[in-house]
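Reader: I'd like to learn how to read a two-chain model feature by feature. Could you walk me through one?

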Amino acid sequence: MIGAILLLTLMGLILGTALGYAAKAFHVEGNPLVEEVSQMMPGTQCGQCGFAGCTPAAEAIVNGDAEVTCCPPGGTSLAASLAKKLGIDIKLDSLQEGVVFAHINSALCTGCTRCYKVCPTDAIVGANKQIHMVINAACTSCRRCVEACPENCIDMLPEQATLDTWYWPKPKAA
Amino acid sequence: MEMLYIILGTVLVNNVVLVQFLGLCPFMGVSNNISTAIGMGLATTAVLTLSATSGWLIEHWILAPFGLQFLRTLTFILVVAAVVQFTELYLRKTSQTLYQSLGIFLPLITTNCAVLGVALLTIRENFSFIESLIYGMGSAVGFTVVMVIFAGLRQRLSIANVPELFSGTPVGLITAGLLSMIFMGFGGLV
């Protein structure tokens with residue numbers, strides 16, 4: 001029992017020390033910015049950003065291949081600090097507004113069908129020269145329709161409260 | 001002569017991947033082109049040989065004298081993990097391109113069951129130190145050979161006219177099965 005504990009402790013110590021020295025001996029000068037950014041990432045390697053882990057994501061962010069807002073667990077605070085670190089302007093308001101859906105202003109819609117052709121989830125219904133509308137349950141807020149609309153009649157708005165979706169407002173912080 | 005039998009036996013007859021079915025994850029994962037397959041094979045060769053020999057040393061110099069054989073799996077895993085870490089550090093220093101093309105599969109050598117399996121098999125077979133060194137190296141060479149053969153086949157498959165239903169991994173698995181049957185044919189060699 002004691003022998004087993006001693007053995008494992010000793011092996012851990014020896015291997016750990018050896019690896020520590022090896023890490024110093026084989027140290028590779030990487031981009032210091034990448035290392036700093038990967039230190040700021042949550043480090044859970046969850047992969048929700050689409051990269052294999054936090055370090056590849058940090059590389060992509062520094063190279064400009066990924067947005068600073070690509071990390072869901074990091075949330076707005078990480079996005080804000082990354083943007084500050086890299087000198088990028090992001091609209092934090094757009095991150096904080098909560099869930100928004102495309103909303104078509106029926107007074108301006110000409111029924112050109114361009115928005116529903118670009119919609120990746122078929123969330124927009126309508127026909128040629130008919131006023132279109134959005135099915136909120138299918139909308140992923142990708143904003144492609146906002147760019148496609150020639151009349152600028154699509155806005156991203158929070159869902160209109162119905163009896164099913166309305167909830168008491170949260171208590172205000174004292 | 002004994003050594004030749006061990007080498008032939010591990011490379012062809014009892015091939016780790018195709019006959020013992022160990023280490024299938026990198027076998028399917030990193031066999032998309034020959035150069036990465038060779039890199040993965042070489043990295044695994046280093047890890048396998050080192051872990052088989054250090055496994056022997058630990059078993060006969062530390063575990064057996066103190067009667068701690070029940071810790072075999074645990075200590076072997078510890079050693080394998082350390083060796084893999086070292087290989088990763090070394091590769092990152094020496095070949096950045098190989099390091100990046102192997103990607104996540106490099107740290108995953110730790111969980112490659114062929115590595116732990118071979119280290120445990122050398123103990124079960126009661127090999128001497130030199131025999132276990134050759135056993136580890138032979139298994140690693142067998143792994144590398146199969147990786148390269150399979151990567152070559154998959155490279156050709158990727159441009160072949162495979163029915164859409166089977167393209168990609170399914171036809172890869174079928175090919176692996178056929179390759180395994182071919183290697184079973186070496187059964188009477190030793």
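Predicted model: local features only at pLDDT ≥ 70, side-chain atom pairs only at ≥ 80, totals over all residues.

Reader: Let's start with the fold. How many helices and strands does chain B have?

Author: Chain B has eight helices and zero strands. Reading from the N terminus, the elements go α-α-α-α-α-α-α-α. Of its 190 residues, 47% count as buried. For sequence separation, take the contacts in chain B between residues at least 6 apart: 76% of them join residues at least 24 apart.

Reader: Which residues of α4(B) are buried, and what covers them?

Author: Among them are Phe76(B), Val79(B), Val80(B), Val83(B) and Leu91(B), and the list also takes in Thr75(B), Thr87(B) and Glu88(B). The cover includes α3 (34-66), α5 (96-102) and α6 (113-124) of chain B, together with α1 (2-25) of chain A.

Reader: Let's zoom in on one residue. Is Thr144(B) buried or exposed?

Author: Buried means under 20% relative accessible area. Thr144(B) has 12%, so it is buried. You'll find Thr144(B) in helix α7 of chain B, residues 129-159.

Reader: What does the side chain of Thr144(B) reach?

Author: The side chain reaches the backbone oxygen of Ala140(B) at 2.8 Å. Leaving aside neighbours within four places in sequence, Thr144(B) is in contact with Gly41(B), Leu42(B) and Thr45(B).

Reader: On to charges. How many salt bridges does a search of the whole structure find?

Author: The general idea is that side chains of opposite charge can pair when their charged atoms come close. Here the search finds two salt bridges over all chains.

Reader: Which residue forms a salt bridge with Lys85(A)?

Author: That's Glu36(A), with the closest N and O atoms 2.5 Å apart. Lys85(A) sits in helix α4 (residues 75-86) of chain A and Glu36(A) in helix α2 (residues 32-40) of chain A, so the pair ties together parts that are 49 residues apart in sequence. Lys85(A) is partly exposed at 39% relative accessible area, and Glu36(A) is also partly exposed, at 38%.

Reader: And which side chain meets Arg72(B) in a salt bridge?

Author: Glu59(B) does, at 2.8 Å from N to O. Arg72(B) is in helix α4 of chain B and Glu59(B) in helix α3 of chain B, so this pair ties together parts 13 residues apart in sequence. Arg72(B) counts as partly exposed at 25%, whereas Glu59(B) is buried at 6%.

Reader: Last, the interface. What area is buried between chain A and chain B?

Author: The size of an interface is often given as the accessible area lost when the parts come together. Between chain A and chain B that comes to about 1,400 Å², with carbon and sulfur atoms giving 86%. On the side of chain A that touches chain B there are 11 nonpolar, three polar and no charged residues. The contact takes 14 residues from chain A and 18 residues from chain B.

Reader: How many salt bridges and how many residue pairs in polar contact are there between the two chains?

Author: There are zero salt bridges between chain A and chain B, and one residue pair in polar contact, both residues at pLDDT 80 or more.

How values were computed: Residues numbered from 1 in each chain as written. Chains lettered and ligands numbered in written order. Heavy atoms only, no water. Contact = heavy atoms within 4.5 Å. Buried area = accessible area lost by both parts, 1.4 Å probe. Salt bridge = Lys/Arg side-chain N within 4 Å of Asp/Glu carboxyl O. Polar contact = N/O pair within 3.5 Å; in protein donor to acceptor, adjacent residues only side chain to side chain. Nonpolar A, V, L, I, M, F, W, Y, C, P; charged D, E, K, R; others polar. Buried < 20%, exposed > 50% of the residue type's maximum accessible area, 1.4 Å probe, protein only. Helix = DSSP H or I, 4+ residues; strand = E, 2+ residues; numbered from the N terminus.
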